[in-house]
Amino acid sequence: MIKITKMLVLGLLLACSFPSLADDKSDLNQLLNDFLDNKVGDDFKNHNRFWADDLVYTSSAGKRFDKSVIIDGIKEEKKVGKRPDSSDNPDPKYWAEETDIRLYGTTAIVAFKLGAEWQEEGTTKTQFYYNTGTFLKRDGVWQVIAWQATKIPQ
């Protein structure tokens with residue numbers, strides 16, 4: 001009888017942990033898509049929320065930097081009123097495809113294909129990247145601690 005009780009308690013504990021995994025995957029997927037859509041409508045708040053203070057970012061151009069470089073770039077854009085490399089074209093649009101989320105306790109790997117679309121000289125341009133982010137859940141909040149972007153050749 002004691003063995004059966006222990007097995008039932010263990011089964012109940014395991015069953016209770018599965019919704020948490022599903023919730024975390026859903027939360028991460030929502031976080032990624034909200035970030036790409038800039039749902040908050042403010043670049044500074046959007047990036048400040050998404051990236052951890054101890055971020056290591058490796059760009060598709062082969063440059064490595066931290067969160068301060070991203071935040072400083074946004075502050076500079078706000079000073080001049082637009083992105084330094086942009087004309088009067090609308091902001092680029094970003095989206096995620098083929099998202100693969102893998103959970104390891106309070107760490108998650110999020111790999112996906114990033115789509116980017118923008119206007120250049122009256123033409124719509126599209127580029128895709130493979131991105132992999134390492135997220136860490138601290139105090140119940142997921143943030144990116146490492147990011148790798150790879151440009152997919154046209």
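Modeller: Start with a definition: two strands pair if DSSP finds at least two bridges between them. And keep in mind that this is a predicted model.

Biologist: What makes E3 and E4 a pair?

Modeller: Strand E3, residues 93-104, and strand E4, residues 107-120, share 10 bridges. The requirement is at least two, so they pair. The sense is antiparallel. One of the bridges joins Tyr104 to Thr107 in E4. E3 and E4 form a hairpin with two residues between them. In that turn, Gly105 has a positive phi of about 70°.

Biologist: Which residue takes a positive phi in the hairpin of E5 and E6?

Modeller: Asp139, with phi near 50°. That hairpin too has two residues between its strands. E5 and E6 (residues 141-151) are antiparallel, over 10 bridges. Thr134 stands opposite Ala146, and Tyr129 stands opposite Lys151.

Biologist: How do you know that E1 and E6 pair, and in which sense?

Modeller: DSSP finds four bridges between E1 and E6. The rule asks for at least two, so the pair qualifies. The sense is parallel. Thr58, for one, stands opposite Gln148 in E6.

Biologist: What is the order of the strands in the sheet?

Modeller: The six strands run E2-E1-E6-E5-E4-E3 in an open sheet. The pairing is mixed.

Biologist: Which strands are called edge strands, and why?

Modeller: E2 (64-65) and E3, as each pairs on one side only.

Biologist: How many helices and strands does the protein have, and in what pattern?

Modeller: It has three helices and six strands. Along the sequence the pattern is α-α-β-β-α-β-β-β-β.

Biologist: Take Thr58. Why is Thr58 called buried?

Modeller: Its relative accessible area is 11%. Buried means under 20%, so Thr58 qualifies. Thr58 sits in strand E1, residues 51-58. Beyond residues up to four places away in sequence, Thr58 touches Lys63, Arg64, Trp147, Gln148 and Ala149.

Biologist: What makes the meeting of Thr58 and Arg64 a polar contact?

Modeller: Their side chains are joined at 3.0 Å. The cut-off for such N or O pairs is within 3.5 Å, so the distance passes.

Biologist: How do you know that Lys137 and Asp24 form a salt bridge?

Modeller: The N to O distance is 2.8 Å. The limit is within 4 Å, so the pair counts. This pair links distant parts of the chain, 113 residues apart. Lys137 lies in strand E5 (residues 123-138), Asp24 in helix H1 (residues 2-37).

Biologist: Why does the pair of Asp37 and Lys39 count as a salt bridge?

Modeller: Their side chains meet at 3.9 Å, N to O. The limit is within 4 Å, so this pair counts. Asp37, at 45%, is partly exposed. Lys39, at 58%, is exposed.

Biologist: What about Arg102 and Asp100?

Modeller: Their side chains meet in a salt bridge of 2.9 Å, N to O. Arg102 has a relative accessible area of 45% and is partly exposed. Asp100, at 30%, is also partly exposed. The structure holds six salt bridges.

Biologist: Turn to helix H2. Which residues of H2 are buried?

Modeller: In H2, residues 43-50, Asn46, His47 and Phe50 are buried. They cover an arc of only 85° around the axis, so they lie on the same side of H2. An α-helix has 3.6 residues a turn, so residues three or four places apart point the same way.

Biologist: What makes Asp42 a cap on H2?

Modeller: A side-chain oxygen of Asp42 lies 2.9 Å from the backbone nitrogen of Phe44. The end capped is the N-terminal one.

Terms used. Residues are numbered from 1 along each chain as its sequence is written. This is a predicted model: local features need pLDDT of at least 70, side-chain atom pairs count only at pLDDT 80 or more; totals for chains, interfaces and linings use all residues. Side-chain values use heavy atoms; hydrogens and water are left out. Buried means under 20% relative accessible area, exposed over 50%, partly exposed in between (1.4 Å probe, protein chains only). A polar contact is a pair of N or O atoms within 3.5 Å; within protein, one must be able to donate a hydrogen and the other to accept it, and residues adjacent in sequence count only if both atoms are side-chain atoms. Contact means heavy atoms within 4.5 Å. The arc is that of the directions from the helix axis to the C-beta atoms.
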